[in-house]
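Please read the report below alongside the sequence and the model.

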Amino acid sequence: MHACGHDMHVTWLIGAAALFARARNAWRGTFMPVFQPAEETAEGAQAMIDDGLFQRFPKPTFVLGQHVMVGPSGVLSLRPGVVTSAGDSRQIRMFGRGAHGSMPQASIDPVVMAAATVLRLQTIVSREVAPTDAVVVTIGALQTGAKENVIPDQAIIKLNVRTFDEGVRDRVLAAITRIVHAEAAASGAPRPPEITPLDHYPLVKNDPESAQRVGDAFRRYFPAGRVLAGQPTTASEDFGSFGAEWGVPSVFWFVGGTDPAAYAAAKAAGGVADRPTNHSPHFAPVVRPTREAGVEALVVAAQAWLS
Ligand SMILES: [Zn+2]
Ligand SMILES: [Zn+2]
């Protein structure tokens, strides 16, 4: 399972749509609920766009979205500017020459080639990126060989990059290409490596003016302490595609889903980082008040334009 809380998102939007439908006389304008699928593979927003979303439905003047996150249940976090990082995944196939393990001189060992590559890739963040630029380079898969005494003929590395700036993103992706090719050459690889893009999430950036409008509406409606100024997160989202492709401002925020008592206890013990996050098999947002808070947040935010 992806375990990201997307069932909560569907529930929130159904709830908000039902409330807007029931109180049709209390607001003006057009409310368009967009049930975006496949955020987990960065394909859903683009698939809706490719399917004619922009031709089949009226162009909105603004786009709103929200996601459940670790944090006290029902507490909203919102910020102007960058919200979630750009995400890029690559598959790298490195070629060697297989041989029997007893005769390494006959091989070009892709296990050593890949291992050296993995270590060298770790220096991108520590040596090539400014300390003030936040970047993640995670190698989530390294696959090669099947037998203890056989040198295989290729290795596969799968990695994921998160960045908050287009220029930094270009620089990190270029460094990956450079290092992978150089390590293959250093090993005497018989063929250059193949680098295949797997997915791409754009930066999600909140329009400052619209974020202020949503924040003001939240603070008028929710009790003090329920609306926090958020930080940029290294999570990634394809929600940003809608605003970018429609050419309209968008705002995206987070709704806490962690049991408030458990969160407070973890915070007191300095163990917030140990709380199950999105994608953990133990991530399970509490229903109350997460469910109500998400419905209310959508309605309150949309009403900042529709009332
Ligand atoms: Zn997720
Ligand atoms: Zn998600």
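## Helix H1 and its cover

The buried residues of H1 are covered by elements that include strand E1 (63-72) and helix H9 (290-306). The model is a predicted one, in which local features need pLDDT of at least 70 and side-chain atom pairs count only at pLDDT 80 or more, while totals for chains, interfaces and linings use all residues. Residues are numbered from 1 along each chain as its sequence is written, and chains are lettered from A and ligands numbered from 1 in the order in which they are written. Helices (H or I, at least four residues) and strands (E, at least two) are DSSP runs, numbered from the N terminus. The word "covers" rests on contacts, and two residues are in contact if their C-beta atoms, placed from the backbone, lie within 7 Å.

The residues of H1 that count as buried are His9, Trp12 and Ala16. Seen down the axis of H1, these buried residues fall within an arc of 65 degrees, so they line one face of the helix; the arc is that of the directions from the helix axis to the C-beta atoms. On the face turned away from the buried side, H1 carries the exposed residues Asp7, Ala18, Ala21 and Arg22. A residue is buried if 20 or more other C-beta atoms lie within 10 Å of its own, exposed if 12 or fewer, and partly exposed in between, with C-beta atoms placed from the backbone. The 17 residues of H1 (residues 6-22) should span 24 Å at 1.5 Å a residue, and the end C-alpha atoms are 24 Å apart, which agrees; the expected span is 1.5 Å times one less than the number of residues.

E1 is joined to strand E12 (residues 250-258) by eight bridges, and the two run parallel, with Gly65 opposite Phe252 in E12. Two strands pair if DSSP finds at least two bridges between them.

Helix H6 (residues 208-221) has 14 residues and reaches 20 Å from its first C-alpha to its last, close to the 20 Å expected at 1.5 Å a residue. Its buried residues are Ser210, Ala211, Val214, Gly215, Ala217 and Phe218, and, seen down the axis of H6, they fall within an arc of 160 degrees, so they line one face of the helix. The face of H6 turned away from this buried side carries the exposed residues Glu209, Asp216 and Arg220. Among the elements that cover the buried residues of H6 are strand E2 (76-78), strand E10 (204-206), strand E11 (227-229), E12 and H9.

## The four-stranded sheet

Four strands form an open sheet in the order E6-E8-E4-E9, with antiparallel pairing. Strand E6 (135-144) and strand E9 (194-201) stand at the edges, each with a single partner strand, so one side of each is left without a neighbour in the sheet. Neighbouring strands of this sheet are turned by 15 degrees against each other on average, direction ignored.

Nine bridges join E6 to strand E8 (residues 154-163), where Val135 stands opposite Thr163. E4 is joined to E8 by 10 bridges, with Gln91 opposite Lys158, and to E9 by seven bridges, where Glu194 is the bridge partner of Arg93. Helix H4 (residues 110-128) lies across strand E4 (86-95), E6 and E8, running at about 175 degrees to E6. Helix H5 (residues 166-187) packs on the sheet, touching E4, E6, E8 and E9, and its direction makes about 10 degrees with that of E4. Axes are lines fitted to C-alpha atoms, for helices over the stretch in contact, and angles run from 0 to 180 degrees between N-to-C directions.

## The chain as a whole

The chain is divided into domain 1 (6-84 + 203-306) and domain 2 (87-201), with bounds that come from an automatic or database domain assignment. The centres of the two domains, taken over C-alpha atoms, are separated by 35 Å, and nine residues of domain 1 are in contact with seven residues of domain 2.

The secondary structure comes to nine helices and 12 strands, and buried residues make up 36% of the 307 residues in the chain.
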